[in-house]
Amino acid sequence: MPKYKQKPTIKSSITMITRDSQVERLKLSNVTYLVSSANLANSPINQLPEIALVGRSNVGKSSVLNTICNKKKLAFTSKTPGKTRLINFFSVNIQNMEIARLVDLPGYGYARVNKSTKTLWNNNLSEYLLKRRNLLGFVLILDCRHPLNKLDKQLLQIMLERNLKYHVLFNKVDKLKKNRLLTNQVTAIKELEWLDSDFCKNGSFSNFSAQKKLGMSTLIQVFDTWLFS
Ligand SMILES: Nc1nc2c(ncn2[C@@H]2O[C@H](COP(=O)(O)OP(=O)(O)OP(=O)(O)O)[C@@H](O)[C@H]2O)c(=O)[nH]1
Ligand SMILES: [Mg+2]
């Protein structure tokens, strides 16, 4: 498996933006839809850093994007799993300049499509995740009610090879009582530590509720650190 040593940088693109009080906190108030692509080959060519939202179908990837960008319909969401079928790129603009991208990905593990469609989706998704050179980091989104499954673990194992930044987001915390949430998180964190020994030291995770708008500032702070430090 090749290592991707070359990390994207936004230093060149933000030279015009002074790190003054206005941009000290990354603001996601001006995120706009850019383009959608079916696969890596058709993805926009650019050196801007990208942060991808990854996870099983229906965990709330598109909802998380809408919530942190404070827009209801930036990305399409649905009760039915399998809503996002393309790689959707969104521009993060600061002072009218595109400085980074958020990428809403199709979910994996959606059973109700035929085998060839599933294979095609999975191939396109894994190709993007493994080969996209300007991918700076990814957020692995989990539904806090469910433990990591085989596909989550496989994805993480493969992605660890790339040595990218990542953050684990426990979404839908509004659906669980505190005790249950804690128990589930302890289990998930043990699994994460088992998969990634560095997770004990550097592991980054937080709670989120797209419905109740909880956990937004923590996640935005994570992006801020990835992009600006
Ligand atoms: N209660 C609750 N529901 C949520 C939350 N986040 C998302 N949902 C719901 O979960 C369902 C799936 O949300 P999506 O954002 O479409 O999920 P997705 O991961 O993008 O799904 P795919 O595109 O199919 O992979 C929708 O009905 C959302 O309203 C949350 O924090 N709390
Ligand atoms: Mg989606």
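Modeller: Let's start at ligand 1: the element giving the most to its shell is helix α1 (residues 61-69), with 3 residues. This is a predicted model, where local features need pLDDT of at least 70 and side-chain atom pairs count only at pLDDT 80 or more, while totals for chains, interfaces and linings use all residues. Residues are numbered from 1 along each chain as its sequence is written, and chains are lettered from A and ligands numbered from 1 in the order in which they are written.

Biologist: Which residues come nearest to ligand 1, and what makes a residue count as near?

Modeller: A C-beta atom, placed from the backbone, has to lie within 6 Å of the molecule. There are 24 residues around ligand 1, and G60, S63, T77, T84 and G107 come nearest. The shell divides into 4 nonpolar, 14 polar and 6 charged residues. Here Ala, Val, Leu, Ile, Met, Phe, Trp, Tyr, Cys and Pro are nonpolar, Asp, Glu, Lys and Arg are charged, and the others, Gly among them, are polar.

Biologist: Why do β1 and β7 stand at the edges?

Modeller: The open sheet of 7 strands has the order β1-β3-β4-β2-β5-β6-β7, with mixed pairing. β1 (31-37) and β7 (205-207) each have a single partner strand, so one side of each lacks a neighbour in the sheet. Strands pair if DSSP finds at least two bridges between them.

Biologist: How many bridges join β3 to β4?

Modeller: Strand β3 (residues 87-94) and strand β4 (residues 97-104) run antiparallel and are joined by 7 bridges. The pairing rule asks for at least two, so β3 and β4, with 7, qualify as a pair. V92 stands opposite A100 in β4.

Biologist: What is V54 in contact with?

Modeller: Contact is C-beta atoms, placed from the backbone, within 7 Å. Leaving aside neighbours within four places in sequence, V54 meets that with L105, L129, F138, V139, L140, I141 and L155.

Definitions and conventions
Two residues are in contact if their C-beta atoms, placed from the backbone, lie within 7 Å. Helices (H or I, at least four residues) and strands (E, at least two) are DSSP runs, numbered from the N terminus.
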